[in-house]
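Good morning, colleagues. Please keep the sequence and the structure in view as I speak.

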Amino acid sequence: AVGVAPLTQVGTVGCTEAFNVIDEYYRDAPTKSEGTAHALTIQGWKCLADTGAEGSGTIGCEKNGLAFHTR
């Protein structure tokens with residue numbers, strides 16, 4: 001998965017942090033996530049997966065106004 005970190009009003013998340021969060025999400029989501037969006041908080045980041053019949057399969061994470069998603 002490729003991480004995409006758009007510029008927000010508070011800045012852009014660092015690549016290393018984004019990759020670490022996504023790695024941990026992929027590792028833990030199958031057993032620890034909640035609901036159909038597979039919600040899981042990783043290192044303070046609130047992450048969700050875009051699943052469902054028309055879902056893209058991307059994972060988006062947000063923390064303190066910063067955001068990134070997989071593509």
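From the N terminus on, the order of elements in the protein is β-α-β-β-β-β, which comes to 1 helix and 5 strands. Helices (H or I, at least four residues) and strands (E, at least two) are DSSP runs, numbered from the N terminus. Please note that this is a predicted model, in which local features need pLDDT of at least 70 and side-chain atom pairs count only at pLDDT 80 or more, while totals for chains, interfaces and linings use all residues. Residues are numbered from 1 along each chain as its sequence is written, and side-chain values use heavy atoms, with hydrogens and water left out.

Of the 71 residues in the protein, 27% are buried. Here buried means under 20% relative accessible area, exposed means over 50%, and partly exposed is in between, with a 1.4 Å probe and protein chains only.

Next, the helix. Why does the length of α1 agree with expectation? At 1.5 Å a residue its 18 residues should span 26 Å, and the end C-alpha atoms of α1 are 24 Å apart; the expected span is 1.5 Å times one less than the number of residues. At Y26, α1 bends by about 35°, and a proline, P30, follows within four residues. That bend is the angle between axes fitted to the seven residues ending there and the seven starting there. The buried residues of α1 are A18, V21, I22, Y25, D28 and A29, and their cover includes β2, β3, β4 and β5.

In soluble globular proteins, nonpolar side chains tend to be buried together. The largest nonpolar core here has 15 residues, and V21, Y25, W45, C47, I59, C61 and F68 are those with the most contacts inside it. Such a core is a set of buried Ala, Val, Leu, Ile, Met, Phe, Trp, Tyr and Cys residues joined through side-chain atoms within 4.5 Å. The largest share of this core, 5 residues, comes from α1. Not counting residues up to four places away in sequence, W45 touches several residues, including V13, V21, C61 and F68, where contact means heavy atoms within 4.5 Å.

How many disulfides does the structure hold? It holds 1 disulfide, a pair of cysteine sulfur atoms within 2.5 Å. C47 and C61 form this link, with their sulfur atoms 2.1 Å apart. C47 lies in strand β3 (residues 45-49) and C61 in strand β4 (residues 59-63), so the pair ties together parts that are 14 residues apart in sequence. C47 is buried at 1% relative accessible area, as is C61 at 3%, whereas C15 is exposed at 58%.

Finally, the loops. T12 lies in the loop between β1 and α1; T12 and L66 are 54 residues apart in sequence, yet 6.4 Å apart in space, C-alpha to C-alpha. H38, in the loop between α1 and β2, has a positive phi of about 50° although it is not a glycine. N64, found between β4 and β5, also has a positive phi, near 50°, and is exposed at 66% relative accessible area.
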